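Thank you all for coming. I would like to walk you through one chain this morning, starting from its overall build and ending with a few individual residues.

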Amino acid sequence: MERASLKVIARELGVSTATVSLVLNGKNKNGRVSKNVSEKILAKAAELNYVPNSLAKGLKMGHSKSIGLIIADISNVFFGTLALHIQNFAEQQGYTVIIGNTNEEPEEMLKMITFLNSRQVDGLIITPTEGGEYMAKALLEKEKPLVLVDRTYPDIHTASVMINNFEISYRSTRQLLKSGCKNPAFISYKQDQYHTNERKRGYLEAMQDAGHNVTDKIKEVSYKKLQEDMDDAIEELLQMNPKVDAVFFATNSISIIGIRSLLKKGLLVQQDIQAMCFDESEAILLFPFRIPYVKQPIEEMAKQALDLLIGQIERKEKPGQQIVLDAELIV
């Protein structure tokens, strides 16, 4: 079937493409095209299910009014909420968002960047994967508007929106100690990412400042084998001497799986063992016990990331501003 275009509509009605364009683009306000002809054009466009080629139109103007959003794990409540807020804020600014998911794989990140560039997006917001530095550098060298959100590459000078990972992790660990825990542990993903390392550093310094030993209290789990690794990590921590009496889970997804593992062991969470979680989630709120957690300002992160990106797209601002927002500890 021939695609419904201005030319097709014009040919069907025996009028010029300029006349069709005038009507369909809403520029016939001075009545240059008669009411009868205008109504026929609108009716034919509806009959043929005409859809404007906004991409081509945007490219003529130098932009597509679309942005690419690449996130790490759409199934994670944190990233899903972040994507929703970015999309809402973008639509308010007249932009369409195309969302891609990496599942923490650098190959998927490269695939999504390539695809989104082929769609002529005006800029990119990315929660980057481990090992993706060269992709960010390539985008910057091509002067592609770029903002990293939630995570960053510390050796690359680009726009980013983060939280105060070190400070909030330090405060969270101190809170566990203040609540009476003598031997808290820390579980994070097995990855070399700046935000993960900063959360780990916050735990370590809080423990050291309080005079606590941290030997064997830090466990790392694989993203791909999360449940299996978590069960093993919890088992090892419980068999320590002295036994671990609290666990600080470093991400949203780790928190849920970690608490599940504790319950599988028959432990009474917040009685037999304390738990501290990163991020709020409905699952945590449904537990019959209260769990302290780190609340990230997700909506503000989304707003700031989009503002930085539009600044680069529309005002040609340099991609160097790095924003650090304060997270909140909810006890």
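What share of the 331 residues in the chain is made up of buried residues? Before I answer, please keep in mind that what you see is a predicted model. In that model, buried residues make up 50% of the chain.

Let me begin with the overall dimensions. The radius of gyration is 26 Å, whereas a compact globule of 331 residues would have one near 20 Å. Along the principal axes, the C-alpha atoms fill a box of roughly 90 × 40 × 30 Å. The chain exposes about 16,700 Å², and carbon and sulfur atoms supply 49% of that area. If we take the contacts between residues at least 6 apart in sequence, 67% of them join residues at least 24 apart. As for secondary structure, the chain holds 13 helices and twelve strands.

I will start with helix α1, which spans residues 6–13 and in which V8, I9 and A10 are buried. The cover over the buried residues of α1 includes α2, at 17–24, and α3, at 35–47. Just after α1 comes G14, which takes a positive phi of about 70 degrees.

Now to the sheets. One of them is an open sheet of six strands, in the order β2-β1-β3-β4-β5-β11, and its pairing is parallel. Its edge strands are β2, residues 96–101, and β11, residues 322–325, each of which pairs on one side only. On average, and ignoring direction, neighbouring strands of this sheet are turned by 15 degrees against each other. Strand β1, residues 66–71, runs parallel to β2 and is joined to it by six bridges, and within this pairing I71 has N101 of β2 as its bridge partner. Further into the order, β3, residues 123–126, pairs with β4 in the parallel sense over three bridges, with V147 in β4 as the bridge partner of I125.

Which residues of β4 are buried on its two sides? Strand β4 covers residues 146–149, with L146 and L148 buried on one side and V147 and V149 buried on the other, so that both faces are covered.

If residues up to four places away in sequence are not counted, V147 touches L124, I125, I126, A159, S160, V161, A305, L308, L309 and Q312. As a general point, nonpolar side chains in soluble globular proteins tend to be buried together.

The other sheet I want to show is again open and has six strands, here in the order β7-β6-β8-β9-β10-β12, with mixed pairing. Its edge strands, each pairing on one side only, are β7 at 218–221 and β12 at 328–330. The twist from one strand to the next averages 20 degrees. Within this sheet, β6, residues 184–189, and β7 run parallel and are joined by four bridges, and S188 has E220 in β7 as its bridge partner.

Two helices that pack on this sheet deserve a word. Helix α8, residues 165–178, touches β6, β8, β9, β10 and β12, and its direction makes about 165 degrees with that of β9. Helix α9, residues 194–209, touches β6, β7 and β9, and its direction makes about 170 degrees with that of β6.

Between β6 and α9 there is a loop, and Q193 has its place there. Is Q193 buried or exposed? Q193 counts as buried because its relative accessibility is 2%, which falls under the 20% cut-off. Leaving aside neighbours within four places in sequence, Q193 is in contact with E104, P128, T129, E130, R151 and Y153.

I will finish with F115, which lies in helix α6, residues 106–118. With a relative accessible area of 39%, F115 is partly exposed. F115 and G68 are 47 residues apart in sequence, and their C-alpha atoms are 9.5 Å apart in space.

Technical notes:
Residues are numbered from 1 along each chain as its sequence is written. This is a predicted model: local features need pLDDT of at least 70, side-chain atom pairs count only at pLDDT 80 or more; totals for chains, interfaces and linings use all residues. Side-chain values use heavy atoms; hydrogens and water are left out. Two strands pair if DSSP finds at least two bridges between them. Axes are lines fitted to C-alpha atoms, for helices over the stretch in contact, and angles run from 0 to 180 degrees between N-to-C directions. Contact means heavy atoms within 4.5 Å. Buried means under 20% relative accessible area, exposed over 50%, partly exposed in between (1.4 Å probe, protein chains only). The radius of gyration is taken over C-alpha atoms; the globule rule is 2.2 Å times the number of residues to the power 0.38. Accessible areas come from the Shrake-Rupley method with a 1.4 Å probe; for residues, only the protein chains shown count as cover.
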